[in-house]
Amino acid sequence: MRQLRADLHLHTCLSPCGELEMVPSAIVKEAKRIGLDVIGVCDHNSAENVAAVVRAGAREDLPVIAGMEITSREEVHVLGLFGDEGQVMRLQDLVYENLAGENDPEVFGHQVVVDEFDNVLRLTDKLLIGATSLSLEETVQAIHDSGGLAIAAHIDRERFGLIGQLGLIPAGLPLDAVEVSPRSPVGDWDNLPVVSFSDAHFLDDIGKSSTCFVLEEGTFEEIAKALRSEDGRAIMKL
Amino acid sequence: MSDVIAHAREGSLWVTLQIHQNIVAVASMNDLAGVILVNGREPEGDTIEKAEAEGLPIMVTPLPTFEVVGRLYGLGISGIPRTG
Amino acid sequence: MKLQDIRDILGAEVITGGNLLSREVSMGCGADLMSDVLAYGKSGSVLLTGLTNQQVVRTAEMAEIVAICFVRGKRPDEKTVSMASSQGLPLMGTTLPMFESCGRLYKNGLRGVSEYGE
């Protein structure tokens, strides 16, 4: 068993608010440079750059977890983490069906889809900055139905965090963990596992916050076990 | 809603566009008099049952926040004074 | 109603756009969800909000909102202010809560989106 440092909440140049330098090889290079063992890609309401980062990571032996940061209709951000790209792409179909509006790049920023070598493939015109019409409960359910882990993002942040938007964790909401912001005091969140990731939109922010896991290897299955404290897998104290 | 928890006082009327069932928990926790949902939004899921169990009145209006608040203000209902 | 009237009624501090206070405002809009700003922020309105992120300023620009007044003493960061400043979008801040802000403006004759033009 090893201690692996993971930052599983990174944006790419696909997120309108992410800097254009957040391309697959630059993300992987920066993650390796600062010593991360696992990263995850969670763009807003889209997974179109996940496969590219996964392949760029594979070139450098850096495991990349497929993910998405979904905005529920209450404007709560929820991370979905998955074992393979196919699962997150299927969830993306549902998210897109429930996401209205068209992006105006001049107003909100460019949404660039790239390949694993950072070549620009296209711009996506969905309004990724918007909220879906899925309720918080439906969002968590959809993530689970697609085989993923549902984590309430930056739960302590005033905007787009579960507590800021809805005051308290709804009773019976089957979250797999909560994510807290960098340097936040670790609270007691209804006995849910607590992780911290950077939510990086800029290269310089990668790894600003991370979580150390005790795992055999940096895979989705191992991280899922750590969140459930199974088979000796665990989250180290933040 | 964290603002409501932080600032609302017992007996306040809450005007909101959130329709999540948590409005009932937050309102009851703070002993609010009732909730008005704006822009014609209907409460979701079992919000109504929960509100009935808590004895919390919920009203729905097609008006936007600005207008419903303006009209309530005209009836003499004022905002919560700042406590700092 | 002009922006300067809104400043006076709410005892607001002008954050940026002090030279634009003679602009006419035809409607008021109070919103604390981004999706509501997107859906209900109408051209010619002043937006009252507790949201201070950059997307609010961008959305306001897109919707041709006349000005934003932040309520409950909230203040945007410098980057957001300079963005608004370069767009010619006046920003104000009041310590009054949302309810009191909407109420006072309405009482002074500012109408809402659904009533405007009735």
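A:R157 is partly exposed, at a relative accessible area of 35% (partly exposed lies between buried, under 20%, and exposed, over 50%, with a 1.4 Å probe and protein chains only). The model is predicted: local features need pLDDT of at least 70, side-chain atom pairs count only at pLDDT 80 or more, and totals for chains, interfaces and linings use all residues. Residues are numbered from 1 along each chain as its sequence is written, chains are lettered from A and ligands numbered from 1 in the order written, and side-chain values use heavy atoms, without hydrogens and water.

A:R157 forms a salt bridge with A:D199, with the closest N and O atoms 3.1 Å apart (a salt bridge is a side-chain nitrogen of Lys or Arg within 4 Å of a carboxyl oxygen of Asp or Glu). A:R157 sits in the loop between β7 (149-152) and α6 of chain A, and A:D199 in the loop between β9 (194-196) and β10 (211-215), so the pair ties together parts 42 residues apart in sequence. Helices (H or I, at least four residues) and strands (E, at least two) are DSSP runs, numbered from the N terminus. A:D199 is buried, at 9% relative accessibility.

In chain C, the side chains of C:E13 and C:R75 meet in a salt bridge (2.8 Å, N to O). C:E13 lies in strand β1 (residues 13-16) and C:R75 in the loop between β4 (67-70) and α4 (78-87), so this pair ties together parts 62 residues apart in sequence. C:E13 is partly exposed, at 46%. C:R75 is also partly exposed, at 35%. Over all chains, the whole structure holds 15 salt bridges.
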